[in-house]
Amino acid sequence: MKPNISFLKKCLEGKVGPTFGYSPRRGGISGFRGGEVTYEKHLAAGYVDHARGASIGRPGSVAVTQKGMDVIDAFDAKQ
């Protein structure tokens, strides 16, 4: 699988991960921001770790593994 460099950089910035909120009308609302399908593919390939859980008012985040960091560094070296 070819890694998505922009997705990995978004992970480094903390813009990818699960979210959780609460509304009295709807109850608990959970979701995922930043591309759940892309996250699953990169998780299976070993470029990112499992997403940390989210709580009310605190979104979860996805950490980039060393394999993912090596890909980002190699890309930046070409530029």
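Me: Is Gly21 buried, partly exposed or exposed?
Reply: In this predicted model, Gly21 belongs to strand S1, which covers residues 17-23. A residue counts as buried under 20% relative accessible area and as exposed over 50%. The relative accessible area of Gly21 is 21%, so this residue is partly exposed.

Me: Which residues is Gly21 in contact with, leaving aside its neighbours within four places in sequence?
Reply: Gly21 is part of strand S1, and Ile29 is part of strand S2, residues 27-33. Once the neighbours within four places in sequence are set aside, the contacts of Gly21 are Gly27, Gly28 and Ile29.

Me: What separation do the C-alpha atoms of Gly21 and Ile56 have?
Reply: Along the chain, Gly21 and Ile56 are 35 residues apart.

Me: Which residues is Ile29 in contact with, leaving aside its neighbours within four places in sequence?
Reply: Ile29 sits in strand S2 and has 33% relative accessibility, so it counts as partly exposed. With neighbours within four places in sequence left aside, Ile29 is in contact with Thr19, Phe20, Gly21 and Ser23.

Me: In what order do the elements of the protein chain run from the N terminus on?
Reply: The protein chain contains three helices and two strands. Helix H1 spans residues 5-13, strand S1 spans residues 17-23, and strand S2 spans residues 27-33. Helix H2 covers 36-45, and helix H3 covers residues 66-78. From the N terminus on, the order is α-β-β-α-α.

Me: At what angle do helix H1 and helix H3 pack?
Reply: The axes of H1 and H3 are 10 Å apart, and H1 passes H3 in a left-handed crossing. The packing angle of these two helices is about 115°.

Me: Which residues in H3 are met by residues of H1?
Reply: From H1, the residues taking part are Ile5, Leu8, Lys9 and Leu12. By class, this contact of H1 with H3 has seven nonpolar, one polar and two charged residues. On the side of H3, the residues are Gly68, Met69, Val71, Ile72, Phe75 and Asp76.

Me: Which residue meets Lys9 in a salt bridge?
Reply: Side chains of opposite charge can pair when their charged atoms come close. Lys9 is in helix H1, and its partner is in helix H3, 67 residues apart. The N to O distance is 3.2 Å, and the partner of Lys9 is Asp76.

Me: Are Asp76 and Lys9 buried, partly exposed or exposed?
Reply: The cut-offs are under 20% for buried and over 50% for exposed. Asp76 has 39% relative accessibility, so it lies in between. Lys9 has a relative accessible area of 30%, so Lys9 too is partly exposed.

Me: How far apart are the closest N and O atoms of Lys15 and Glu13?
Reply: The count of salt bridges comes to two, and Lys15 forms one with Glu13. Lys15 is partly exposed because its relative accessibility is 49%, while Glu13 is exposed because its relative accessible area is 52%. The closest N and O atoms of this pair are 3.3 Å apart.

Me: Which residues does Phe7 touch, not counting residues up to four places away in sequence?
Reply: Phe7 is one of the residues of the largest nonpolar core, which also includes Val16, Tyr39 and Val48. Not counting residues up to four places away in sequence, Phe7 touches Val16, Gly34, Gly35, Thr38, Tyr39, His42 and Val48.

Me: What percentage of the residues of the protein chain count as buried?
Reply: The protein chain has 79 residues, and its C-alpha trace spans about 50 × 20 × 15 Å along its principal axes. The share of residues that count as buried is 28%.

Definitions and conventions
Residues numbered from 1 in each chain as written. Predicted model: local features only at pLDDT ≥ 70, side-chain atom pairs only at ≥ 80, totals over all residues. Heavy atoms only, no water. Axes fitted to C-alpha atoms, helices over the stretch in contact; angles between N-to-C directions. Helix = DSSP H or I, 4+ residues; strand = E, 2+ residues; numbered from the N terminus. Left-handed = near helix turned anticlockwise from the far one by under 90°. Contact = heavy atoms within 4.5 Å. Nonpolar A, V, L, I, M, F, W, Y, C, P; charged D, E, K, R; others polar. Core = buried A, V, L, I, M, F, W, Y, C linked by side-chain atoms within 4.5 Å. Buried < 20%, exposed > 50% of the residue type's maximum accessible area, 1.4 Å probe, protein only. Salt bridge = Lys/Arg side-chain N within 4 Å of Asp/Glu carboxyl O.
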